[in-house]
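Visitor: I'm new to this one. Can we go through it together?
Guide: Gladly. Have a look, then ask away.

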Amino acid sequence: MTQTEAGTGVPAAHEPERDGERYDAHALQEKWLPVWDELKPFRSGEPGDTRPKKYVLDMFPYPSGDLHMGHAEAYALGDVIARYWLQRGFDVMHPIGWDAFGLPAENAAIKRGLDPRAWTYDNIAQQRASMRRYACSFDWDRVLHTSDPEYYKWNQWLFLKLYERGLAYRKDSLVNWDPVDQTVLANEQVMPDGTSERSGAKVVKKKLTQWYFRITEYADRLLDDLDTLEGTWPSKVISMQRNWIGRSSGAEVEFAIEGREQPVTVYTTRPDTLHGATFMVVAADSDLAEELAADAEPAVRAAFEEYRTQVQETSEIDRLATDREKTGVPLGRFAVNPVNGERLPIWAADYVLADYGTGAIMAVPAHDQRDLDFARAFGLPVRVVVDVRDAEGNALPDPAESGTATAGDGVLVNSGELDGLDKAAGVAKAIELLQAAGKGRAAKNYRLRDWLISRQRYWGTPIPIVHTDSGEVPVPEDQLPVLLPPSEGLNLTPKGTSPLGAAEDWVNVPSPVDGTPARRDPDTMDTFVDSSWYFLRFVSPEDDTQPFDRDLIAQWGPIDQYVGGVTHAILHLLYARFITKVLHDMGYLPFDEPFARLLNQGMVLMEGSAMSKSKGNIVRLSDQLDEHGVDAVRLTMSFAGPPEDDIDWADVSPSGSAKFLGRAWRLARDVTSERGADPTAGDAALRAVTHRSVHEITQHVEAYRFNVAVARLMELVNATRKAIDSADVGPADPAVREATEAVAVVLSLFAPYAAEDMWSLLGHEPAVARAGWPVVDESLLVQETVTCVVQVKGKVRDRLEVAPDITEDALRELALASEKVQAAIGGAELRTVVVRAPKLVNIVPGPGVRPARPSPPSRAGPPRRSGSRGTGSAAPAGSRASSARCAGRRASPSTGPRPEPRGPAGR
RNA sequence: GCCCCGGUAGCCCAACCGGCAGAGGCAAUCGACUCAAACUCGAUCCAGUGUGGGUUCGAAUCCCACCCGGGGCACCA
C-alpha cells in the first residue's frame with residue numbers, strides 16, 4: 001500500500017532498532033518522546049504550507065491539579081480526530097491553553113496561604129508535562145493562559161467593545177447574601193433548606209450593583225441559528241440550548257390602573273383568554289408591587305411589607321419548588337381589563353417572577369393551573385372562556401370544582417368578538433383587536449436572562465472601568481491592560497465586596513478624562529468571559545496589537561471540530577456563540593457561529609457512578625498510565641464504546657488493550673520484507689482484507705465510531721498474524737508488510753508510541769504521525785462472490801455463493817433450484833418470491849396464485865451452494881469482477897455474458 | 001408536568017436503505033507451549049434484541065402503548 005505525500009521532510013536521524021523482542025510500553029515512551037520533542041510533528045500554520053487547513057480544538061482545562069481520567073478521555077478522542085486529519089494531509093491546528101482564572105486558586109490561597117498565581121502556574125506546569133507524556137498532538141508553539149496579562153488585556157478590550165455598543169451595562173440585582181459571613185453566595189452554595197453552606201445562616205436576597213452582558217439582545221439569533229448546527233452538533237446540546245433560551249410568544253397587554261397614571265403591561269401567551277381574567281398578580285419583590293402598596297391603605301401596606309420580607313427570606317430553591325402552596329397578599333388596588341372594562345383586584349405573590357416578562361400577569365384561573373391554585377387559595381372567581389373537550393368530545397369538568405385548569409385548545413366562549421374561534425385564531429384576533437385599540441401588541445419573551453459577569457473576587461480579569469463623581473468612565477484602550485495587583489497584603493476571604501477594593505494603591509487612580517480622583521471598579525469578570533473567545537486567540541497567541549489576527553482567523557475559523565464535555569453544553573457554548581456573533585457584527589469575524597462541529601465525550605465513571613472523594617472510587621490516571629502505559633489507556637478510551645457514551649472503568653480492560661498493542665507490535669517485529677517491497681506481488685487474500693479494513697476504518701473514523709474502527713483494526717491485526725504464521729504466506733510476503741504498515745498508521749491515531757515503534761521496525765523514519773493515510777485500492781474492494789441467503793417463510797434454508805451483480809431472475813431461478821429449498825417448500829404452491837439481488841431470496845409458499853414449478857435447469861453458470869464449496873469459485877459475472885480478480889483464486893473460465901433466464905414465477 | 005436519548009450474550013459493545021442477530025473485546029472453560037507459572041497461541045461456551053400489540057414476504061431496525069435507565073427544562077404567565 002502506498003503512502004500519501006502528507007509526510008513532509010523530517011530529519012532522518014534515527015536508526016530503526018530491532019533490539020526489542022518484547023513489547024515494552026514504558027520503554028517506548030522513553031524512546032520516542034524526545035524524538036517528537038525534536039521533530040515537532042504537530043506544528044501548524046507554518047509559512048508557505050499549502051496544505052488545506054483544519055482547526056481541531058479540545059476544550060481547555062482548568063488547572064486544578066494534575067490531569068484526571070476525564071481529561072484522558074477527552075484528549076484521547078480529540079487526538080484521534082486531529083491525528084486523522086493530519087494523516088489525511090491537512091495542516092491541522094490543534095492548540096491547547098489553560099482556563100487559568102477562577103475560584104479554586106483563590107480558595108487554595110485562603111485555605112493554605114498559597115499565592116493564587118503560583119498555585120495556578122505550578123498546576124499548569126504539571127498538567128503540561130502530563131499532556132506531553134500522554135502524547136497529545138498539541139502544537140506547543142500555540143499556548144495561552146487566560147491569567148496572563150497578555151491574554152486578559154483582550155478580555156478588557158472585549159468588555160470595552162461591548163460597553164461601546166451598549167451590550168455591557170450595570171444594574172442593581174438581587175443576590176444570595178449570607179448575613180453572618182457578610183458574603184455573596186453562588187446559587188450552588190445555598191443549601192436546599194435555604195441556609196448557607198458556609199455559616200449555616202439563613203440566606204437572604206440583597207441588592208447589589210452588578211455588570212451584565214446583554215445576551216438577551218441576541219436571543220433570537222442564538223435560538224434560530226441552532227438550526228444551522230443540526231446534524232453537526234449533538235441533538236442533545238441543541239435541545240438544551242433551546243430549552244435554556246426558552247422563547248415564548250404571545251402578547252403584551254396594557255391594563256389601566258385605578259389611581260395611577262401609567263397603565264401596567266402584562267405579558268401573556270394566551271391573549272385569547274383575556275375575557276377570563278379575574279385578577280392581576282404582580283411579583284412581590286418587584287418595584288411595581290412596592291409602588292402600588294405605597295399608595296394603599298396603611299393596613300394593606302403593613303401586610304405587604306411583612307409578606308415581602310418573608311419572600312425575601314425564602315431561598316431560591318424553596319421558591320422554585322413546584323408543589324408549594326400559593327401565597328400572596330391583596331394590594332387593595334384595581335386594574336381595568338382593556339377588553340371588557342372589568343375591575344380586577346391586584347395581588348402581590350411570589351409565584352410571579354419579577355425578572356420575567358414585566359413582573360406582572362393577568363390571572364386566568366380557568367385555564368392556567370397556577371392561577372387556579374391561587375384563586376382557590378384565596379377565594380377568587382373562576383370564569384371559563386374556552387370550551388375544552390377531551391378526546392371523546394365530552395366537555396371537561398368546571399375547573400372551579402375540579403381544581404384542574406383546562407389549558408388545552410378549544411372554542412372560545414364568553415369572549416365577545418372572539419367567540420367561536422379556536423386558540424390560534426383567538427390569539428391572532430385578540431392581538432389584532434388590542435393593537436387597533438392601542439392596548440397591546442404581539443410580544444416574545446425569553447427564559448434567558450442577561451449574563452451577570454461581575455464577581456467580587458480577586459483571581460480574575462479586572463473590569464476596565466473607573467468610577468468618578470460624574471459617573472463611570474471606561475479605561476482608554478491604550479491604557480490596557482488594567483493589571484491585577486499582587487495578592488500580598490490583600491485579604492482574599494469573600495466579604496461581599498471585591499478584595500481589590502482594599503488595594504488602595506491600585507484602586508485609587510486619577511480619572512482618565514480629567515485627572516480628578518476616581519476609583520477603579522473593584523470587581524473582576526466571570527471566567528466564562530475568558531473562555532468565550534479564547535479559540536480565536538490561538539491563531540495568533542503572541543500578537544500584542546490585537547486580540548486575534550483577523551486574516552488568520554478568517555483562514556482558520558470557524559473551528560472545524562470542537563471536543564469537550566456535555567457539562568458545558570449550555571453556558572460556555574452559549575456565551576462563546578454570543579461573543580462570536582457580537583464580534584461578527586462588529587466586523588472582526590467573517591463567521592457568526594464558532595464551532596462547525598461539536599463532539600461531547602462522555603464521562604469516565606467507576607462502578608456506576610462519577611468518581612469522587614466521598615465515594616472513594618477515584619481511579620488515578622497516573623496509576624493507570626504506570627500500570628498499562630499511555631497507549632493502552634488511550635486505546636481503551638477509544639475502544640470502550642461510542643465517544644459520547646460514559647465509560648465505566650470497571651467494565652473495560654486496559655490490560656486487554658495492552659495485549660492487543662503487543663500483538664500489533666509483534667507484526668512489525670516479524671516482518672522480514674524490505675521497505676518498499678511491491679505489495680501487488682503479495683498475497684491477494686490478505687491484500688483484500690487490508691484494503692477493505694482500511695476502507696471501513698476510514699468511514700468509521702470519519703463518523704466518529706472510533707470503537708468500531710478499533711475493532712476493524714483488531715481484525716486486520718488478527719488476519720495479518722494468521723498470514724505471517726501460515727505456510728503459504730509467511731513474514732516475507734509483501735502483503736504482510738503492506739498490512740502491517742497500514743496497521744501502524746491507523747494505530748498512530750490511538751496509540752502513538754506503539755505505532756511509532758512499529759513504523760521504525762518497518763524501516764521508516766519518524767514521525768509516523770505524518771506518514772500519510774493508507775490509500776485504498778478500490779479494485780480490491782470488489783467482492784468476487786457474495787453469499788446469498790435463501791429463506792423459506794423467513795427462515796434461512798440455504799446459502800448460495802453468487803456473483804455480486806447477478807440478476808433478480810437468475811437468482812430466483814437458482815434459489816428455486818436448491819434441493820434444500822425444495823425440501824422446505826415440500827411441493828406447496830408458491831405465493832410470493834421476494835428477490836433482493838444479490839443478497840437474499842425469500843420464498844413464501846402458500847395458497848397463492850403462482851404455481852410451483854419443478855426445479856428449472858441450471859442455465860446460469862455453475863453456482864455452488866455453500867454446502868458443496870471447495871472445487872472452485874463461483875461464477876464470475878461482469879467485467880468489473882474479472883478485473884478485480886487476483887492470483888491464487890483464478891476463476892473458472894466460463895466468463896462471458898450470461899443469458900437472462902426467466903424467473904420461474906413468470907411475469 | 002413537558003421535552004430528549006437509550007435498553008442486543010455474564011459484561012463493554014457491532015449489525016448500511018427493514019434482509020443470515022455477532023464484527024471486536026472482557027470474563028469464563030478447555031487445550032498447546034512450560035519443570036511450573038506468566039506471556040503467547042488455539043478452541044469452546046453464551047442472547048433471539050426491555051414488554052405487549054401493529055405494519056411487512058421479512059422487524060434489533062418502522063408505528064402505537066407500556067416498563068426500566070439516563071439527561072434537560074420546570075410557578076417563565
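Visitor: Is Lys40 buried, partly exposed or exposed?
Guide: Lys40 counts as partly exposed, at 36% relative accessibility. Buried means under 20% relative accessible area, exposed means over 50%, and partly exposed is in between (1.4 Å probe, protein chains only).

Visitor: Before we go on, what am I looking at?
Guide: This is a predicted model, where local features need pLDDT of at least 70, side-chain atom pairs count only at pLDDT 80 or more, and totals for chains, interfaces and linings use all residues. Residues are numbered from 1 along each chain as its sequence is written, chains are lettered from A and ligands numbered from 1 in the order in which they are written, and side-chain values use heavy atoms, with hydrogens and water left out.

Visitor: Back to Lys40. Which residue does Lys40 meet in a salt bridge?
Guide: Asp141, at 3.5 Å from N to O. A salt bridge here is a side-chain nitrogen of Lys or Arg within 4 Å of a carboxyl oxygen of Asp or Glu.

Visitor: How many salt bridges does a search of the whole structure find?
Guide: It finds 47. One of them joins Arg370 and Asp368, with the closest N and O atoms 2.5 Å apart. Asp368 counts as buried, at 18% relative accessibility. Another joins Arg669 and Asp670, at 3.0 Å. Arg669 is partly exposed at 22%, while Asp670 is buried at 19%.

Visitor: Which residues are linked in a network of salt bridges?
Guide: Arg221, Asp225, Arg577, Lys581, Asp585, Asp592 and Glu593.

Visitor: New topic: rings. How many aromatic pairs are there?
Guide: The whole structure has 36. Rings of Phe, Tyr and Trp (its six-membered ring) pair if their centres lie within 6.5 Å; planes under 30 degrees apart count as stacked, over 60 as edge-to-face and the rest as tilted. Phe101 and Trp459 make an edge-to-face pair, 4.9 Å centre to centre with 80 degrees between the planes.

Visitor: Which other residue pairs with Trp459?
Guide: Tyr458, in a stacked pair: 6.2 Å centre to centre, 20 degrees between the planes. Tyr458 is buried, at 0% relative accessibility.

Visitor: Which rings link into a cluster?
Guide: Phe159, Tyr163, Trp211, Phe213, Tyr218, Trp451, Phe528, Tyr575 and Phe578.

Visitor: And which charged residue lies over the face of Trp85?
Guide: Lys54, at 4.0 Å from the ring centre. Arg520 lies over the face of Trp506, at 5.5 Å. The test is NZ of Lys or CZ of Arg within 6 Å of the ring centre and within 35 degrees of the ring normal.

Visitor: Last one. How many helices and strands does chain A have?
Guide: Chain A has 29 helices and 33 strands. Helices (H or I, at least four residues) and strands (E, at least two) are DSSP runs, numbered from the N terminus. Of the 907 residues in chain A, 53% are buried.
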